[in-house]
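Hi everyone, thanks for making time.

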Amino acid sequence: MSEKVVLAYSGGLDTSVAIRWLNEKYGYDVVAVTIDVGSEKDSSAVKEKALQVGAVKAIVVDAKKAFVDDYIFAALKAGAIYENTYPMATALARPLIAKILTDVALEEGAVAIAHGCTGKGNDQVRFEVAINALAPNMKILAPAREWGMTREETIQYAERYGIPVPVKSGHAYSVDENIWGRSVECGILEDPWAEPPAEVYIWAKSPTDAPDMPAYCEITFEKGVPIALDGKAMDGLELINTLHEIAGTHGVGRIDHVENRLVGIKSREIYEAPAALTLLAAHQALEDLTLAKDQARFKLKVTQEFSDIIYNGLWFTANRVDLSAYVDSTQRLVSGTVRIKFSKGNCIVVGRRSPHSLYAHNLATYEKGDQFDQSSAAGFIYIFGLPVKTQAQLQPIFDNTSEKKDEGSGK
């Protein structure tokens with residue numbers, strides 16, 4: 001009996017070719033594992049395809065609920081968004097996929113886990129670091145990194161052996177999607193000057209084709225987690241899918257980003273994330289209302305670190321666990337409702353309220369009922385500015401801008 005390898009199987013080009021290649025190269029029996037995080041439209045077809053290509057066993061795991069509850073909402077509470085642009089749909093799914101692959105490999109008695117990542121992408125790092133954290137002695141294989149074929153050569157390999165793949169020569173987009181977002185790369189998109197063709201967008205309409213009449217929705221949060229839409233209680237999966245439809249119809253969610261990959265290169269990526277961008281904006285608005293200034297300022301630092309942890313594949317680390325504990329603490333009172341307006345590609349927060357709001361109308365208003373003691377301002381300014389005044393008196397500060405100008409003019 002041949003040794004087993006568990007393969008993360010998407011049904012795409014690289015993983016379909018990998019089934020035959022792993023058997024041909026190493027003699028392994030391949031157990032194909034497909035993890036549905038909102039990307040599988042026909043799980044039975046994917047399973048059948050894996051067996052048709054040569055897998056000895058095909059397993060499909062529905063992980064959508066776990067993905068939303070344990071990963072997406074953890075990132076949402078942290079406000080995680082890479083380089084202030086990318087909601088990290090792909091990056092967030094990788095640790096969950098790695099965990100399920102590891103669980104199956106241990107159950108099956110497999111000697112190795114394989115993935116379909118190339119040697120230029122981030123996902124190879126995310127998968128392998130996560131697997132090493134969960135099963136340090138497990139062997140890891142990366143066929144697409146080993147076989148040395150170009151994308152065109154991989155397509156030809158598939159055609160030579162009758163392996164059905166969803167792409168043909170000359171159509172080189174690489175697509176990954178899940179419930180939190182969709183990413184597209186390769187082909188003409190590798191030219192950062194080229195405008196993305198309309199065909200790369202599926203979820204979000206062009207803003208010019210979006211309805212002229214704006215749409216509104218109200219999102220209710222409890223402890224940083226969205227629990228209802230327009231007053232209707234929903235689980236995370238339903239809420240995200242509903243927001244995808246509403247926001248995407250109004251042209252919200254398109255992202256064209258040149259990002260810094262973990263492996264040291266810049267990459268041009270097209271993303272679609274209508275629900276993610278909407279929820280991140282709504283969550284931030286609620287935090288603005290309920291977190292004190294110092295809490296909000298420090299959480300920004302944590303947000304940056306948390307985002308890098310996710311992007312860099314370090315989910316299963318003590319640092320992430322510790323930061324998650326801090327984030328959860330900040331969310332104790334982040335409850336309330338945010339009103340969103342969708343219009344021609346824009347997602348605008350137009351209202352927010354919370355039973356824990358720190359907004360005091362009697363202090364903020366300039367109208368009748370103002371209780372702010374303006375006479376206290378002079379004393380506050382004196383104390384606040386005292387160090388500046390003292391240093392200016394004892395250590396006169398001069399502006400050398402004019403001096404530099406004089407040097408440049410030859411005076």
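So, a pocket here is an open set of points on a 1 Å grid over the protein atoms alone, with protein on both sides within 12 Å along at least five of seven lines, and lining residues have an atom within 4 Å of a point. With that in hand, the second largest pocket is lined by 19 residues, and Gly79, Ile81, Gln284, Leu300 and Thr303 lie nearest its centre. Its volume is about 390 Å³, taken as the space filled by probe spheres set on the points.

Some housekeeping: this is a predicted model, where local features need pLDDT of at least 70, side-chain atom pairs count only at pLDDT 80 or more, and totals for chains, interfaces and linings use all residues. Residues are numbered from 1 along each chain as its sequence is written, and side-chain values use heavy atoms, with hydrogens and water left out.

Now, salt bridges, meaning a side-chain nitrogen of Lys or Arg within 4 Å of a carboxyl oxygen of Asp or Glu. The structure holds 20 of these salt bridges. In one of them, glutamate 108 pairs with lysine 4, with the closest N and O atoms 2.8 Å apart. Glutamate 108 sits in helix α4 and lysine 4 in strand β1, 104 residues apart; helices (H or I, at least four residues) and strands (E, at least two) are DSSP runs, numbered from the N terminus.

Another pair is aspartate 176 with arginine 94, at 3.2 Å between the closest N and O atoms. Aspartate 176 lies in strand β6 and arginine 94 in helix α4, so this pair ties together parts 82 residues apart in sequence.

Conventions
On a 1 Å grid over the protein atoms alone, a cavity is a set of points where a 1.4 Å probe fits but cannot get out, and a pocket is an open set with protein on both sides within 12 Å along at least five of seven lines; lining residues have an atom within 4 Å of a point.
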